[in-house]
Every structure is written in structure tokens, then in C-alpha cells.
Amino acid sequence: MKRFVIIGAPNVGKSSLFNRLVGGRKALTYDQPGVTRDYLSHICEWRGRYFELVDTGGLYRGEQDLESFWKRSLEIAQDADVVLFVVDASEHLSSVEYDIAQDLRKMGKEVIVVGNKMDLLPEGFNPDLYNLGFDKVQFVSATTGRNSGDLLDLMWEYLGEEDQDITKEDVEFRVSVIGRTNAGKSTLMNRLLGKERVLVSEMPGTTLDFITETINVKDMVVEVTDTPGLRKGDLRRLSVPEMLAVKRLENRLRKQQVLVHVIDASVGLTSLDESVIRIAEEEGIGYIAVLNKIDLAEDPRKAESILTEAFLDKFPWVDRKAVIAASAEENYNVDKVTDALDLARQDLGITFKPRELTELIKPLEEIITGYRFYFALQVSSLPSVVKVFANKAEMPSNIMTYFRRQLKKSMGLKTALPKVILEKS
């Protein structure tokens, strides 16, 4: 399958073009340079042929902390069949754009110069773009969609009969990697993927988008999503793009099947970390805790034992095998994360018929006095949700906690604490 990679200077509309071409809002966009710092890919179809479209993060120069993004984006372009070099056609070409053009010529790649924001030009045309030295130039407006079909037609010319069909692997379950900013989520993600799919920097908060990849783990097909980092402090103090990312994250968290929660072991649990654990507990989501950066401890082995026990004491519903002290940077115990994902897959496969589930909860009537459980129905496996028809529709929180933990044990679940919905019958 042909690969088209979108690159360009910050704030020229790369992500807007990506969203326009894929037909949806996949990338986070905002009028501030460098909002997209990771890269996204999407399989697209045009006129019966398929191709992969990749949106890179903003290309930077002159900013020390973000120099790696310039380098990494050019590395991504190395894997492209065709580069879509996006420039703001309504502005004069910058020295950065001439630098990009020079780098692309050295690569010897096929290049289409995409002059975005043509709607801001009186005649929809800017001859200066031909000074970049490439033959193919297409003017578009990613915002309005003007000439996007013409661009797709130009891209279609690079596609052959071999691009008329694609095969997709069936995803067994979906995993989200979550944690505070700079806890090491992206490094762990790259370890799981076996390549640098997510851009990593010492600068906190460089992941603002959801980065999704399908991988094979122990012969299972897993869709893994790296989420934006959880940020400490009042939402009102966040920048607009950060606020957009956080709101998208909050809306998405409660809909996950499995959470891989990366915790900075050198910092310890924060209120934000505890809120993630509570969400997993409340919603019946498969939960895996990765106590990352264990290599920074004076005695990593001792710290591993102490931190794991402390975590299990605080959250006894979490399975021991789902708490992993690790170092993504040193690739230590990352294999145990994949083992825990295998446990989540097993949880996904645990299903009960209503009669079987009812028989499981009936004995709890002898322990939980005042309640009669008439019928139970498994709504979903991951997240694990059980609906119980009883003589009461409410239950004190401490008793409900006990009920759910006993049910988890009876059902044989490892990573999820079943959410129980009581309905009076």
C-alpha cells in the first residue's frame, strides 16, 4: 500500500488537511504552532484504491527542546512513497520551508506541494510556491474543502492495481495507555510497538493527540492508543489546545475496554492517578498498572517489591499480575505488560449465560443480609458489566464493594472489577 506523508512547517494546516482527506476529525487542530507533535495514520480510499495517509507533527527548527521533532518527522518522510509538502499559500515562503524543500530534494522523494489556505488568496493562486523547485503544485483550502478532490486525483495517479484491495486484521480488543505527563507513556508505547511510533521528548506534555496503532501481542491483535498526558492543576490554567485534549480524554476514558496506566514510580501516586484507578474500578474496565522508571531507585529490586505491595494494599481489587514495576526506557519488565494484556484478553473471553451467572450470585444472599438476587445478566465482558435483578435497587457502597469483589472472584476475572447495576424486581 502506498504511503503519503504530510509534512510542513508549524501551523500551515497539516492536520486540517489530514482531517479533510480522511473525512473526519482525527487530528487535534488549533491556531497555535506545534499543537500536533505526534503523528497519525489512516487508511483512505479514493476511486476504488487504497492508501495510507500520515500526518506528522509540526516541523521545528531553532527550538532546542523540539529539535528532535524536526529530525523524527524527516525520518518518517523517508518511509513515504509520496510527500505532501504543505505550505501556507496566503503567506510568503519562510526560510524554514526552503530548508524543508532542500531536505526533500536530498531524499529524492516524489513531492506534491500543497498550497493550503487558497481561500485567503484573491485569485486562489500564488506563483511563489513554484520557487520551491517541485513540478507538482496543488492549491487547496483544507478548511472549506475546495480543490481537495483535485488533490486526491493527483495522489490517485501514484496508485496502481495492487492498491485496489486491502486486508484488515480483526482487532480482538482495544487498549488505552494513560498516565500523567512525562510518566513514560510514549516510551512504553514504542516498546510495545517495537518501533518509534510516538515522538518522545523530555519536554512534558508533548503528546496532545490520540495515537493509535494495531499490534500483535502473543498472537492477539490489539489496538493500542497512546492518550494525551494527564495534567496537574485547574483546567482554567491550561492553554486552549491542552484543554481540548483533556476534554477529549475525559470523554473517552470511560468508554475503554482496557487501561494501561503508566505511573511515575519516582514521583508516586498522585490524585490524578487515583482518579484514573477510580474510573477503572467504577466502570468495570480492565486495568493494568505500570510503575514506570523503577530503574531510578537506588535499589530497583527492593523498590519493586515495596511499591507493588503498597499499591495492592491501597487497591486490593487489582490483581497482582496486573501491577508491573518496570522501566520502559531500559526495556525492563515490558514483557510482563504483554503478559497482563493476555490476562485482559482472557477476561474478554469470560462470558456467562443468565442462568450460570444467577447461580454464581445466589450464594451471596447468605452473606449480604436483606437482599434477594432473582436474576443476573452479563451486559458486557470488557468493560465487565453485570445487571442484577433484586428486591432492592440500592446498596450501601461498602457492601457493594464487597459484592463486586466476590463476584470478580466467582467469575474468574483478573483485570476488571465487574460493575454491578441493581434493578428492583
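How many of the seven residues of strand S7 (residues 173-179) are buried? Six of them are, so the strand is largely enclosed by the rest of the structure. Here, buried means under 20% relative accessible area, exposed means over 50%, and partly exposed lies in between, with a 1.4 Å probe and protein chains only.

The structure is a predicted model, in which local features need pLDDT of at least 70 and side-chain atom pairs count only at pLDDT 80 or more, while totals for chains, interfaces and linings use all residues. Residues are numbered from 1 along each chain as its sequence is written, and side-chain values use heavy atoms, with hydrogens and water left out.

## Overall architecture

The protein chain contains 11 helices and 15 strands. These elements are DSSP runs numbered from the N terminus: helices (H or I) have at least four residues and strands (E) at least two. Of the 425 residues in the chain, 54% are buried. The accessible surface amounts to about 19700 Å², and carbon and sulfur atoms contribute 45% of that area. Such areas come from the Shrake-Rupley method with a 1.4 Å probe; for residues, only the protein chains shown count as cover. Among contacts (heavy atoms within 4.5 Å) with a separation of 6 or more, 67% join residues 24 or more positions apart.

Strands of a sheet pair through backbone hydrogen bonds, either parallel or antiparallel. In this model, six strands form an open sheet of mixed pairing, in the order S2-S3-S1-S4-S5-S6. Strand S2 (40-46) and strand S6 (136-139) each have a single partner strand, so one side of each is left without a neighbour in the sheet. Neighbouring strands of the sheet are turned by 25° against each other on average, direction ignored. Two strands count as paired if DSSP finds at least two bridges between them. By this rule, S2 and strand S3 (residues 49-55) pair in the antiparallel sense over seven bridges, with Trp-46 opposite Arg-49 in S3.

Two helices that pack on the sheet are H1 and H3. Helix H1 (residues 14-22) touches strand S1 (2-8), S2, S3, strand S4 (82-88) and strand S5 (110-116), and its direction makes about 160° with that of S3. Helix H3 (residues 95-107) touches S1, S4 and S5, and its direction makes about 170° with that of S4. Axes are lines fitted to C-alpha atoms, for helices over the stretch in contact, and angles run from 0 to 180 degrees between N-to-C directions.

Strand S7 also has a paired neighbour: S7 and strand S10 (residues 258-264) run in the parallel sense over five bridges. Gly-179 has Val-262 in S10 as its bridge partner.

## Salt bridges

The model holds 14 salt bridges, each defined as a side-chain nitrogen of Lys or Arg within 4 Å of a carboxyl oxygen of Asp or Glu. The table gives three of these pairs.

| Pair | N to O distance |
|---|---|
| Glu-52 and Arg-3 | 3.3 Å |
| Asp-153 and Arg-47 | 3.1 Å |
| Glu-274 and Lys-314 | 3.7 Å |

Both Glu-52 and Arg-3 are buried. Asp-153 is partly exposed, with a relative accessible area of 28%, and Arg-47 is also partly exposed, at 46%. Glu-274 is partly exposed at 22%, as is Lys-314 at 45%. A network of salt bridges links Lys-2, Glu-162 and Asp-163.

Ser-148 belongs to helix H4 (residues 148-156) and counts as buried at 15% relative accessibility. The side chain of Ser-148 reaches the backbone oxygen of Gly-145 at 2.8 Å. Not counting residues up to four places away in sequence, Ser-148 touches Arg-20, Leu-21 and Val-140.

Asn-147 lies in the loop between S6 and H4 and has a positive phi near 65°, although this residue is not a glycine. At 25% relative accessibility, Asn-147 counts as partly exposed. Arg-47, in the loop between S2 and S3, likewise has a positive phi, of about 55°, without being a glycine.

The peptide bond from Leu-382 to Pro-383 is cis, with omega near -5°. Pro-383 is placed in the loop between strand S13 (373-380) and strand S14 (385-390).

Note on methods. Polar contact = N/O pair within 3.5 Å; in protein donor to acceptor, adjacent residues only side chain to side chain.
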